[in-house]
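Q: Please take a close look at one part of this protein, the open sheet, together with the helices and salt bridges that involve its strands.

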Amino acid sequence: MAILEVKNLGKFFGTLQVLREIKFSLEKGEIIVIIGASGSGKTTLLRCLNFLERPDKGSIIVNDEIIFDAENPATQKESEVRKKRLHFGLVFQNFNLFPQYTALQNVTLAAEMLAKERFDYRQNKKAILREIQDNGEKLLAQVGLTDKLHSYPHQISGGQQQRVAIARALALEPDILCFDEPTSALDPELIGEVLNVIRNLADRHTTMIIVTHEMNFARDVADRVIFMDEGIIVEQGTPQVIFENPREERTKQFLTRYSENKDFSP
């Protein structure tokens, strides 16, 4: 059964349509990698799923619940946006860590804010915060940063900052973990450490949507690859189909252009 269904999603910026009739589903434990040229709509799609942008058309269904329907105003209340975002953990291109907080504080901040809304928070505050801290430490250990719990963003490398961002996204136990070009802001020598963390998440059967230009990585971890161009899904299939035998001419042209500039063989 699909954990996510996206139906006919559309998005305009002014008169420019950047998403057109986007339709796909995602199974629990499945990994979808989205590829395509810059400007093809990949980032906008993730931002719509996370409600950083509001779609103008279509619907989003998570666990059989319609959490957004462009034709139903009841699903578009601003007061419900934060709750809906909990379904999607989003790892940004540029880390987006709070510079005034340590790695551990960056990971635990959202959980601590949400905990204050619990009916038993005042009564059990100390135990609740201890549990959140313990979970934050476990997540940072999972991404290999046990020794950086109390370091500030400016004291750690870009790769380490991105690993903190991954731990932060995991902290609220989202249904789906989304990555928006997680290595694009990194120096080449740091890319591998972040990709290895994502590979470990794949080994744990974490449900993920990953936007990336790292084609060899996509071929290694994806259950399904979606190729987008000019705001539409041109085609989707297994990595073997997309990289070795794409059906659409636009997909072939994109992969040819990419292989001419990267160490990648379709």
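A: The following account treats the sheet, then its helices, then the salt bridges.

This is a predicted model, in which local features need pLDDT of at least 70 and side-chain atom pairs count only at pLDDT 80 or more, whereas totals for chains, interfaces and linings use all residues. Residues are numbered from 1 along each chain as its sequence is written, and side-chain values use heavy atoms, with hydrogens and water left out.

The protein has nine helices and ten strands; these are DSSP runs numbered from the N terminus, with helices (H or I) of at least four residues and strands (E) of at least two. Six of the strands form an open sheet of mixed pairing, in the order E6-E7-E8-E3-E9-E10, where two strands pair if DSSP finds at least two bridges between them. Strand E6 (88-91) and strand E10 (232-237) stand at the edges; each has a single partner strand, so one side of each lacks a neighbour in the sheet. From one strand to the next the twist averages 20°, with axes fitted to C-alpha atoms (for helices over the stretch in contact) and angles running from 0 to 180 degrees between N-to-C directions.

Within the sheet, strand E7 (residues 176-180) pairs with strand E8 (residues 208-211) in the parallel sense over four bridges. Asp 180 stands opposite Val 211 in E8. Helix H5 (residues 158-170) packs on the sheet, touching E6 and E7, and its direction makes about 170° with that of E6. Helix H6 (residues 188-203) also packs on the sheet, touching strand E3 (31-35), E7 and E8; its direction makes about 155° with that of E8. Contact here means heavy atoms within 4.5 Å.

Arg 224 forms one with Glu 30, the closest N and O atoms being 3.0 Å apart.

Arg 250 forms a salt bridge with Asp 229, at 3.2 Å between the closest N and O atoms. Asp 229 is buried, with a relative accessible area of 17%, whereas Arg 250 counts as partly exposed at 33%.

Methods. A salt bridge is a side-chain nitrogen of Lys or Arg within 4 Å of a carboxyl oxygen of Asp or Glu. Buried means under 20% relative accessible area, exposed over 50%, partly exposed in between (1.4 Å probe, protein chains only).
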